[in-house]
Amino acid sequence: MALRTIRTEGDPVLRKKSRPITEMTQKLRNLIVDMMDTMYDSMGVGLAAPQVGILKRIVVIDVGEGPIVLINPEILETSGEQTGEEGCLSVPGMSGQVTRPDYVKVKALDINMEEVEYEGTELLARAFCHEIDHLDGKMYTDLVEGELHKVSYEDEDEEE
Ligand code: NI
């Protein structure tokens, strides 16, 4: 298990656009495993490659329903609306209210470069939006309604 260093807000890599993956390599497989390990170690529910300093379109998510790997993800469909607390491993100890769709359908490639589709509601829908935003250099802090505040104890399991 190799943990990667999570970049924090202010690091310019978090504001850059990531590049699509064209071919799976052993190096990328290792990166994906490291991203999973790093996410679990930090008790996050999602992590995007730019957060470990790699500008590639790779996301890992686990909202408690098992690991999901998304390569070159695209949002196909959204509906509804949810407003709730959101956090980010790149903005440690903070959270804020963000409105996101309540249903999100995504298309991506899996670790074998096979096409996959996922549908998510609630926290999973939020995680899809939050993590895919990272691939375009967008941070949830841009979307926070009201003040970004220090995370309270109950919010800790929602850090992304
Ligand atoms: Ni994040």
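The model is predicted, so local features need pLDDT of at least 70 and side-chain atom pairs count only at pLDDT 80 or more, while totals for chains, interfaces and linings use all residues. Residues are numbered from 1 along each chain as its sequence is written, and side-chain values use heavy atoms, with hydrogens and water left out.

**Nickel site**
- Cys88 (SG), His130 (NE2) and His134 (NE2) are the protein donors of the nickel ion, at 2.1 to 2.2 Å; donors are N, O and S atoms within 2.8 Å of the metal (3.2 Å for Na, K and Ca), and sites may look incomplete because water is not among the atoms.
- The spacing of the donors along the chain is C-x41-H-x3-H.
- His130 and His134 are separated by about one helical turn because they are 4 residues apart in helix H2 (residues 122-134); helices (H or I, at least four residues) and strands (E, at least two) are DSSP runs, numbered from the N terminus.
- Both His130 and His134 are buried, where buried means under 20% relative accessible area, exposed over 50% and partly exposed in between (1.4 Å probe, protein chains only).

**Asp110**
- Asp110 sits in the loop between strand E6 (103-109) and strand E7 (115-121).
- Asp110 is buried without a salt bridge, and the nearest side chain of opposite charge, Arg29, is 7.6 Å away; a salt bridge is a side-chain nitrogen of Lys or Arg within 4 Å of a carboxyl oxygen of Asp or Glu, and in assigning charge Lys and Arg count as positive, Asp and Glu as negative, with His and the chain ends not counted.
- The side chain of Asp110 reaches the backbone nitrogen of Asn112 at 2.8 Å.

**Nonpolar cores**
- In the largest nonpolar core, of 18 residues, Ile61, Leu70 and Phe128 touch the most other members; such a core is a set of buried Ala, Val, Leu, Ile, Met, Phe, Trp, Tyr and Cys residues joined through side-chain atoms within 4.5 Å.
- Strands E2 (58-61), E3 (68-79) and E6 and helix H2 each give two or more residues to this core, and H2 gives the most, with 6 residues.
- A second, separate core has 17 residues, including Met24, Ala49, Val52 and Leu89.

**Salt bridges**
- The count of salt bridges is 10.
- Lys17 pairs with Asp136 in a salt bridge, with the closest N and O atoms 2.8 Å apart; the two residues are 119 residues apart in the chain.
- Arg100 and Glu86 form a salt bridge at 2.7 Å between the closest N and O atoms, and both residues are buried.
- Lys105 and Glu117 meet in a salt bridge at 3.8 Å, N to O.

Notes
Polar contact = N/O pair within 3.5 Å; in protein donor to acceptor, adjacent residues only side chain to side chain.
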